[in-house]
Amino acid sequence: MNAHGALLAPFSTKKQLAGTAFVHLDGCLHATFRTTDFASALELVNRVGAVAEELNHHPDVRLGYGTVSLVLTSHDAGGVTLRDLELAARVQQIADTLGATARSAQPARYDIAIDCTDADAVRPFWRVGLGYIEVAGEDGIELVDPRGLAPKVWFQHMEIARTARNRIHLDVYVPSDDAEDRVAAVLLCGGVLLTDEHAPDWWVLADVEGNELCVCTAAF
């Protein structure tokens, strides 16, 4: 793969994205801009579309009243490349020209993890009950919402079934720069840190009744 298509990790895009609306998370660059009304949001989308055609590199776009959300990724490479950084820079220039401002909400991804001794036996229950489909994932067969809206469900193998704690927990993926602040905020709300041995990749926390939450970052 040439340098233009080489995958970039969040630490290597941090400098280029500084001062922009874009955040690198989970193999994508995310940004949301606020505009004055629907017409100005549509103008932003139209100008971004023209640049995307020029670069032959197209983002996912969500248009609302006074808001435009974009997700940039290189699908052929499986993550963020220099093409995405170039498009992000051009999008930011357009937004600045039109007076669009960055929305402060940070992107995140949410997964549901189910501990089990036999994933093949329990997976059909969740697939049918949730109306999901099966896909190949990093941890074996996973379940995803075909609409692309609800959290992914993955199955964590246990040699011995756990009976002393909940067997379903949530994973929340946040930008690397936000992870420690998120953990600290959870602790201030009464959470308990169960382990940070895997940090900065993930922290395992629990509420006062032992229900678990993993705050995670992504390598790409």
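## Annotated region

UniProt positions are given here in the numbering used for this chain, and such annotations may be inferred rather than shown by experiment. For residues 112-216, an unreviewed UniProt entry lists "domain: Glyoxalase-like". The structure discussed in this report is a predicted model.

Over residues 112-216 the secondary structure amounts to 24% helix and 39% strand.

## Overall architecture

The chain holds five helices and 13 strands. Its C-alpha trace spans about 60 × 40 × 40 Å along the principal axes. Of the 220 residues in the chain, 37% are buried.

The chain exposes about 12600 Å², and carbon and sulfur atoms supply 54% of that area. Among contacts between residues at least 6 apart in sequence, 62% join residues at least 24 apart.

## Cysteines

How many disulfides does the count come to? The count comes to zero, a disulfide being a pair of cysteine sulfur atoms within 2.5 Å. The sulfur of Cys216 has its closest cysteine sulfur in Cys214, at 5.3 Å, and is therefore too far away for a bond. For Cys116 the closest cysteine sulfur also belongs to Cys214, but the separation is 15 Å, so a bond is again excluded.

Cys116 is buried, with a relative accessible area of 4%. Cys216 likewise counts as buried, at 5% relative accessibility.

## Aromatic pairs and charges over rings

A search of the whole structure finds two aromatic pairs. Phe22 and Phe33 form an edge-to-face pair, with 6.2 Å from centre to centre and 70° between the planes. This pair links distant parts of the chain: Phe22 lies in the loop between α1 (10-17) and β1 (23-25), whereas Phe33 belongs to strand β2 (residues 28-34), 11 residues apart. Phe22 and Phe33 are both buried. Phe125 and Trp126 also form an edge-to-face pair, with centres 5.2 Å apart and an angle of 85° between the planes. Phe125 counts as exposed because its relative accessibility of 61% is over 50%. Trp126, at 27% relative accessibility, counts as partly exposed.

With 4% relative accessibility, Ala31 counts as buried. When residues up to four places away in sequence are not counted, Ala31 touches Ala21, Phe22, Val68, Ser69 and Leu70. One of these residues, Phe22, is a partner in the aromatic pair with Phe33. Val172 is 141 residues from Ala31 along the chain, and the C-alpha atoms of the two are separated by 18 Å.

Where does Gln106 lie? Gln106 is in the loop between β5 (101-102) and β6 (109-116). At 44% relative accessibility, Gln106 counts as partly exposed. Leaving aside neighbours within four places in sequence, Gln106 is in contact with Val23, Pro175 and Asp178. Gln106 and Thr20 are 86 residues apart in sequence, with a C-alpha to C-alpha separation of 13 Å.

## Backbone features

The peptide bond from Ala199 to Pro200 is cis, with omega near 10°. Pro200 is found in the loop between β11 (192-195) and β12 (202-206).

Positive phi values occur at Asp26 and at Asn56, neither of which is a glycine. Asp26 has phi near 55° and is placed in the loop between β1 and β2. Its relative accessible area is 30%, so Asp26 is partly exposed. Asn56 has phi of about 55° and is found in the loop between α2 (38-55) and β3 (60-64). At 62% relative accessibility, Asn56 counts as exposed.

Notes. Residues are numbered from 1 along each chain as its sequence is written. This is a predicted model: local features need pLDDT of at least 70, side-chain atom pairs count only at pLDDT 80 or more; totals for chains, interfaces and linings use all residues. Side-chain values use heavy atoms; hydrogens and water are left out. Buried means under 20% relative accessible area, exposed over 50%, partly exposed in between (1.4 Å probe, protein chains only). Helices (H or I, at least four residues) and strands (E, at least two) are DSSP runs, numbered from the N terminus. Rings of Phe, Tyr and Trp (its six-membered ring) pair if their centres lie within 6.5 Å; planes under 30 degrees apart count as stacked, over 60 as edge-to-face and the rest as tilted. Contact means heavy atoms within 4.5 Å. Accessible areas come from the Shrake-Rupley method with a 1.4 Å probe; for residues, only the protein chains shown count as cover.
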